[in-house]
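Okay, everyone, thanks for coming. Let me put the structure up, and then I'll talk you through a few spots in it.

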Amino acid sequence: MIKKKNSNNSSYIYVLVYFILWVVLFEFILPVNSILPKPSIVYQSFSDLWTDYHLFSNYLSTLSGIYISLFVAYFLMQISCSFFIKGKTFLSDFIGSLNWFSKFLPGIVIGLLFIFWFPNSEYIEFIFLFVTAFTSIVIFVESQLEDLQMEYLDSARSLGADEPTISKQVVWKMIQPKIFLHILELNTYLWSLAIAFETIKGGSGLGDIFRLALKYRDLSALFSVFLIAGITVFIAKSIIKFLKNKFAFWS
Amino acid sequence: MVDKFLIKLENVSKDFTGTAGAKRNVLEDINLELLPEDSGNIISLLSSFGSGKSTLLKIIAGLEKPSEGTVLLGHKFSKERNNEIIYIPEKPSSFPWLNVEENIKFALKEVNNKNIVKEFIDMVGLSGYENHHPNNKSLGFRFRITLARALAVQPKLILLDDPFKRMSNETKDEIYGLVKSVGKNYNIAMILGTSNISEAVYLSNRIYLMKKNPGIIFNAIEMNAETMKERGLSRHDRFISLKNEIEKLFSSAGENFHSQ
């Protein structure tokens, strides 16, 4: 009999094994190398990150840019869902056309244009991330409209519900679990885009630390920020999963 | 104005156009009439799979438009949706994001009377489960919510689109009793679309037999008490005899249809 794998547990074991390997290999066997930094130096570099690289403000900048844009995109979609759900409109067609472009153009290319157009704007990163998140959610919602469970729609119509009520209280609710799964994927994608954007633009964010660390060949800073970003993405995913189980528990 | 009938279908036909552009005649020339005396009764549409029962029920509910013919609700044309008629689909349709009480309140809209909600929850046997969500609950549990929600609208007619199909035999027995008593207590007529002969014989006061390609009604069997007495049969014998009779009628109409 094939036993169902507990993928979460095995992932934690892999992480632990990699961590032990890193400590043993790079602390004791290969302390001087240019592949990965020595664990004790990484530990010490956190204080340098705090002072020399302004870790706290840069971390907050990236974090707020990603999650404020994500939540604003989600709530804006919630407010305007009946507009997108009621059928094809010029705006939905326009956003649908962006979906076609997104198949061929990496999102960061649009980010480069944003940097070119507004090189000195403080808010351009937030605008770029918001546009990406909102467009992605709209495209996802529209794709879900082709595969709705008709029994809920027929029941609601039969009970005399009007179309705005059906959009907000039936269709929007029906697709919530899938939207949360999409947000889980979007979370990782937005992190990649934000760091790439900040690395190219400079000025603030974890990407700016990456840029400086690359410039000064500071492997321990590079690796430390990599760890911080990875742990944050992991925590954010856990929070999104918790919210899904709390607010979109149905299947 | 006193209604002469609950619902009347005159020469209703329905065509669907396939992906290749070919027209498929799903229903042809359906004539059906439910009188005010049918209130409290269950009328079945019995046929094998794919004969247009669901389409016909959706047309009656106003969820689909007929290609030809008219559907009259009482003295009015039933072109628009009208919550005097409630459609209950085959798949569970209680909203899983709402609990039992909220599902019923959805039907009540502005009226937020706890006593009304409680009455319907009690009626379907869900007292004590008001805060439970239908997600991951049994089909019987979910059907009870759907039925309570339908009753909350105070309809004249409930359309049951084969909702018992996937239920276990034990659940079916409980739900059959519930549906019968609800119909009688609230004086609501019900039309049941089913492909289960036993179910139709057990529940119905009248059975319309349908054949497919295109879907037509080719016979009707009255199941009232007088008809049963005339036959002079015991309850069990009557049940078996009717099942056999229906199978023969399908067979003579060229339909390959076997009793479940």
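So, Leu126(B): buried or exposed? It counts as buried, because its relative accessibility is 3% and the cut-off for buried is under 20%. Keep in mind that this is a predicted model. To find Leu126(B), go to the loop between helix H3 (114-123) and helix H4 (139-152) of chain B. Which residues does Leu126(B) touch, once you leave aside its neighbours within four places in sequence? Those are Val100(B), Ile121(B), Phe141(B), Arg144(B) and Ile145(B).

Let's zoom out to chain B as a whole. You'll find eight helices and ten strands there. Chain B has 260 residues, and 50% of them count as buried. Its accessible surface is about 12200 Å², with 47% of that belonging to carbon and sulfur atoms. And if you take the contacts in chain B with a separation of 6 or more, 72% are between residues 24 or more positions apart.

Now, salt bridges. Over all chains, the structure holds 14 of them. Here's one in chain B: Lys8(B) and Glu33(B), with an N to O distance of 3.7 Å. Lys8(B) sits in strand E1 (residues 7-17) and Glu33(B) in strand E2 (residues 23-34), so this pair ties together parts of chain B that are 25 residues apart in sequence. Lys8(B) is partly exposed, at 21% relative accessible area, and Glu33(B) is partly exposed too, at 31%.

Next, look at Arg206(B), which forms a salt bridge with Asp38(B) at 3.2 Å, N to O. That pair links distant parts of the chain, 168 residues apart: Arg206(B) is in strand E9 (residues 206-211), while Asp38(B) is in the loop between E2 and strand E3 (42-46) of chain B. How accessible are they? Arg206(B) counts as buried at 10% relative accessibility, and Asp38(B) counts as buried at 7%.

Arg206(B) also meets Glu222(B) in a salt bridge, this time at 3.6 Å, N to O. Glu222(B) is in strand E10 (residues 216-222) and Arg206(B) in strand E9, so here the pair ties together parts of chain B that are 16 residues apart in sequence. Glu222(B) counts as partly exposed, with 37% relative accessibility. Salt bridges that share partners also join Lys8(B), Glu10(B) and Glu33(B) into one network.

On to where the two chains meet. Here 23 residues of chain B are in contact with 19 residues of chain A. The area buried between them is about 1900 Å², and carbon and sulfur atoms give 64% of it. How many salt bridges cross this interface? One: Asp154(A) with Lys58(B), where the closest N and O atoms are 3.2 Å apart. There are also six residue pairs in polar contact between the chains. On the chain B side, strand E6 (85-88), helix H2 (100-108) and H4 each give two or more residues, and E6(B) has the largest share, with three.

Last stop, chain A. In helix H5 (residues 107-117), the buried residues are Gly107(A), Gly111(A), Phe114(A) and Ile115(A). Why do they count as being on the same side of H5(A)? Because they cover an arc of only 100° around the axis. What covers these buried residues includes helix H6 (124-144) and helix H9 (176-201) of chain A.

How values were computed. Residues numbered from 1 in each chain as written. Chains lettered and ligands numbered in written order. Predicted model: local features only at pLDDT ≥ 70, side-chain atom pairs only at ≥ 80, totals over all residues. Heavy atoms only, no water. Helix = DSSP H or I, 4+ residues; strand = E, 2+ residues; numbered from the N terminus. Buried < 20%, exposed > 50% of the residue type's maximum accessible area, 1.4 Å probe, protein only. Contact = heavy atoms within 4.5 Å. Areas by Shrake-Rupley, 256 points an atom, 1.4 Å probe, with all protein chains shown as cover. Arc of directions from axis to C-beta. Buried area = accessible area lost by both parts, 1.4 Å probe. Salt bridge = Lys/Arg side-chain N within 4 Å of Asp/Glu carboxyl O. Polar contact = N/O pair within 3.5 Å; in protein donor to acceptor, adjacent residues only side chain to side chain.
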